[in-house]
Amino acid sequence: MPTSFPTALPIRRLTLRDLTACADLSENRGWPREEHKWGFLLTAGRGYGIDDPEGGLVAACVVTEYGPRDRPDLGAIGMVLVAERHARQGIGRRLMRHVVSMLDTTPLTLHATPYGRPLYEELGFKATGRAEMVTGRFTPGGAELRVATRAASAEDLPGILRLDEEVFGADRTHIVTRLPAFADQLRIAEDDGRVIGYAAAWPNMDTQVVGPLIARDTDTAKALLASLGARTDRPLRTDIDVRHEELLAWVKERGLASVAFNTVMTYGITELPGDWTRRFAPVTVAAG
């Protein structure tokens, strides 16, 4: 039977030593284990959790901060999970309040499932947009894409970082520089030697997640996504800002289907920084 003891247990920082416990918690709630993603988030961001005296975790979440270390421009909250047998006891609310309080004046964002949205609204988060998750085997075809892409090299990182900060609206060097090791593919599009778009595809269970997807325009985004899809045998999965209607229609014509919608929410700001017209998909919804 559920007990009330977790409401008094301490909240602590999580490390890579907690990777298996985090994956177990995901599985407990019917999510994929996603150990590769958990490892990325626990090293690029900060995990917080509550230990279960009987073993494992009662609850967990991850915060990824962007901008100057001493005064971040933005914090993204993700992977907010509470073990099934401790659900509906206020533990998720307590963990979220702890994180929001700890981040003080840092503006926050998260992608909320329909199940989690009421809690975030109660805490003061406001809905500012939506993202549509699509997945499936990419099928090439249709009009020829006129934008050329190629595999990124180490020499391309300065150009990728410049574009990323301009579009995202905050420095996320600690994320972008981890992509070559985290992702199976990292590709760029150029115009006269200048990076105008880039995208990564990283392994997540039996799929390849496309993210981030940053591009000058929709044609560039299509070319990058198609180039990633052509180089994997796995189904693709990505989360596209619903305002990019043309890209969403195109990927559905190419074999991807809608799976779910998440609400993009913010706290302390009315909208996300940067240029949404060139920001097509996040690295992962858990990191904003």
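**Before going on**

I note that this is a predicted model, in which local features need pLDDT of at least 70, side-chain atom pairs count only at pLDDT 80 or more, and totals for chains, interfaces and linings use all residues. Residues are numbered from 1 along each chain as its sequence is written, and side-chain values use heavy atoms, with hydrogens and water left out.

**Entry on salt bridges**

I stayed with E253 and saw that it forms a salt bridge with R254, the closest N and O atoms being 3.9 Å apart; a salt bridge is a side-chain nitrogen of Lys or Arg within 4 Å of a carboxyl oxygen of Asp or Glu. Side chains of opposite charge can pair when their charged atoms come close. R254 counts as buried, at 12% relative accessibility.

I then looked up the total and found 26 salt bridges in the structure. One of them joins E122 to R93, with the closest N and O atoms 2.7 Å apart. E122 lies in helix α4 (residues 117–122) and R93 in helix α3 (residues 91–103), so this pair ties together parts that are 29 residues apart in sequence. I take helices (H or I, at least four residues) and strands (E, at least two) as DSSP runs, numbered from the N terminus. E122 is partly exposed, with a relative accessible area of 46%, and R93 is partly exposed too, at 29%.

Another salt bridge brings together the side chains of D219 and R146, at 3.5 Å from N to O. This pair links distant parts of the chain, 73 residues apart, since D219 sits in helix α8 (residues 218–229) and R146 in the loop between β6 (126–136) and β7 (149–151). D219 is partly exposed, with a relative accessible area of 33%, whereas R146 counts as exposed at 72%. I also noted a network of salt bridges that links D24, E27, R33 and E35.

**Entry on T266**

Not counting residues up to four places away in sequence, T266 touches L108, T109, G124, F125, K126, T128 and L272, where contact means heavy atoms within 4.5 Å.

**Entry on the helices α1 and α2**

Which residues of helix α1 (residues 19–28) are buried? I found L19, A21, C22, A23, L25 and S26, and the buried residues of α1 pack against β1 (11–14), α2 (35–44), β3 (57–66) and β4. Just after α1, G30 takes a positive phi of about 85°.

In helix α2 I looked up A44, which counts as buried at 11% relative accessibility. A44 and V63 are 19 residues apart in sequence and 9.1 Å apart in space, C-alpha to C-alpha. Leaving aside neighbours within four places in sequence, A44 is in contact with T64, H174, I175 and R178.

**Entry on the pockets**

How is a pocket found here? On a 1 Å grid over the protein atoms alone, a pocket is an open set of points where a 1.4 Å probe fits, with protein on both sides within 12 Å along at least five of seven lines, and lining residues have an atom within 4 Å of a point. Grid points are joined across faces, edges and corners, and a volume is the space filled by probe spheres set on the points.

The largest pocket has a volume of about 1,000 Å³. Of the 38 residues that line the largest pocket, the closest to its centre are W31, V80, L81, T113 and Y115. I saw that β4 gives the most to this lining, with six residues.

The second largest pocket has a volume of about 420 Å³. Among the 24 residues that line the second largest pocket, D241, R243, V264, L272 and R279 are the closest to its centre. The largest share of this lining, four residues, comes from β6.

Key. Buried means under 20% relative accessible area, exposed over 50%, partly exposed in between (1.4 Å probe, protein chains only).
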